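Please look through the sequence and the structure shown here before reading the report below.

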Amino acid sequence: MSELGLPISLCCLSTLAMEERPLEGQDREPVKSLYGTTLEHCQQMIDKSLANNTKVKFLKESLEKAGCPVKKKLIQAKECNASFSGGFLPNEGIIVCSNHLILQDEVDQVLIHELIHAYDHCRAANLEWSNCAHHACSEIRAANLSGDCHYKRELLRGYSELRGHHQDCVRRRTMLSVMANPHCSSQAIVKEAIDSVWQICYKDTEPFDRVP
């Protein structure tokens with residue numbers, strides 16, 4: 001199985017368009033993606049992002065400097081079975097889910113998020129995506145550095161608390177992503193994994209000098 005229908009070496013999934021299901025004890029209504037675009041249009045947006053988006057180009061260059069060149073064929077538009085907007089699969093590359101995205105900004109965000117995972121996979125020789133702490137670290141970095149948790153995006157998701165919103169968002173979205181890993185399906189295990197790496201991984205802004 002693959003193309004985000006799940007297994008194969010499942011690793012990191014973008015939750016931009018996935019349902020933000022309430023965790024235990026929460027009553028928040030889930031946010032759902034109700035639209036999508038064609039494979040052709042999605043691929044055009046991917047190409048535009050690779051050519052024009054400043055963060056995407058910087059991450060691509062950073063991967064090349066780290067010895068992991070990003071070939072165009074490694075970033076593909078696909079129709080995905082699961083409710084995710086994209087994912088990084090170590091043996092396949094980056095997948096962008098056309099049936100959950102329609103805007104250029106959404107495709108940009110997916111690519112930025114997944115390229116951060118690709119960068120982590122490139123620079124860390126001992127990274128094991130089946131290890132919940134390793135996966136949590138990369139998700140913390142991706143949520144923190146990609147712009148996923150910009151306050152405007154949080155407002156659109158229905159989160160209006162501004163004080164401390166960024167760290168709360170990073171933790172929440174890391175929890176959602178890591179719990180999709182079949183090796184880390186327990187909320188208690190994922191929370192422990194996040195807590196164990198939080199201080200180091202939240203402060204790690206490579207390849208950026210600081211949080212963009």
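The report below turns to the disulfides and then to the packing of the helices.

This is a predicted model, in which local features need pLDDT of at least 70 and side-chain atom pairs count only at pLDDT 80 or more, while totals for chains, interfaces and linings use all residues. Residues are numbered from 1 along each chain as its sequence is written, and side-chain values use heavy atoms, with hydrogens and water left out.

## Disulfides

A disulfide is a covalent bond between the sulfur atoms of two cysteines. In this report a pair of cysteine sulfur atoms counts as a disulfide when the two lie within 2.5 Å, and by this rule the count comes to five disulfides. Three of them, including their S to S distances, are set out in the table.

| Disulfide | S to S distance | Angle about the S-S bond and hand |
|---|---|---|
| Cys68 and Cys122 | 2.0 Å | 90 degrees, right-handed |
| Cys80 and Cys97 | 2.0 Å | -85 degrees, left-handed |
| Cys149 and Cys169 | 2.0 Å | -80 degrees, left-handed |

The disulfide of Cys68 and Cys122 has a right-handed link. This pair links distant parts of the chain, with Cys68 in the loop between α2 (54-65) and β2 (75-78) and Cys122 in helix α3 (residues 104-123), 54 residues apart. Cys68 is partly exposed, at a relative accessible area of 26%, whereas Cys122, at 19%, is buried.

The link of Cys80 and Cys97 is left-handed. Here too distant parts of the chain are linked, since Cys80 lies in the loop between β2 and β3 (86-89) and Cys97 in strand β4 (residues 93-97), 17 residues apart. Cys80 counts as buried at 5% relative accessibility, and Cys97 is buried as well, with a relative accessible area of 0%.

The link of Cys149 and Cys169 is also left-handed. By contrast, Cys42 is in no disulfide, and the nearest cysteine sulfur, that of Cys97, is 8.1 Å away. Cys42 counts as buried, at 0% relative accessibility.

## Helix packing

For the helix pairs, axes are lines fitted to C-alpha atoms over the stretch in contact, and angles run from 0 to 180 degrees between N-to-C directions. Angles under 35 degrees count as roughly parallel, over 145 as roughly antiparallel, 65 to 115 as roughly perpendicular, and the rest as oblique.

The axes of α4 and α6 come within 9 Å and cross at roughly 135 degrees, and α4 and α6 are therefore oblique to each other. Contact means heavy atoms within 4.5 Å, and among the residues of α4 that meet α6 are His135, Glu139 and Ala143.

α3 and α4 pack with their axes 9 Å apart, at an angle of about 140 degrees, which makes α3 oblique to α4. The contact is made by residues including His113, Ile116 and Tyr119 of α3, and Ser138, Glu139 and Leu145 of α4.

The axes of α4 and α7 come within 8 Å and cross at roughly 55 degrees, which makes α4 oblique to α7. Among the residues that meet here are Ala133 and Cys137 in α4, and Ile189 and Trp198 in α7. The residues of this contact of α4 with α7 divide into 12 nonpolar, two polar and one charged, where Ala, Val, Leu, Ile, Met, Phe, Trp, Tyr, Cys and Pro count as nonpolar, Asp, Glu, Lys and Arg as charged, and the others, Gly among them, as polar.

Leaving aside residues up to four places away in sequence, Val197 touches Ala133, Ala136, Cys137 and Ile140. The C-alpha atoms of Val197 and Ala136 are separated by 7.5 Å, although these residues are 61 residues apart along the chain.

How values were computed:
Helices (H or I, at least four residues) and strands (E, at least two) are DSSP runs, numbered from the N terminus. Buried means under 20% relative accessible area, exposed over 50%, partly exposed in between (1.4 Å probe, protein chains only).
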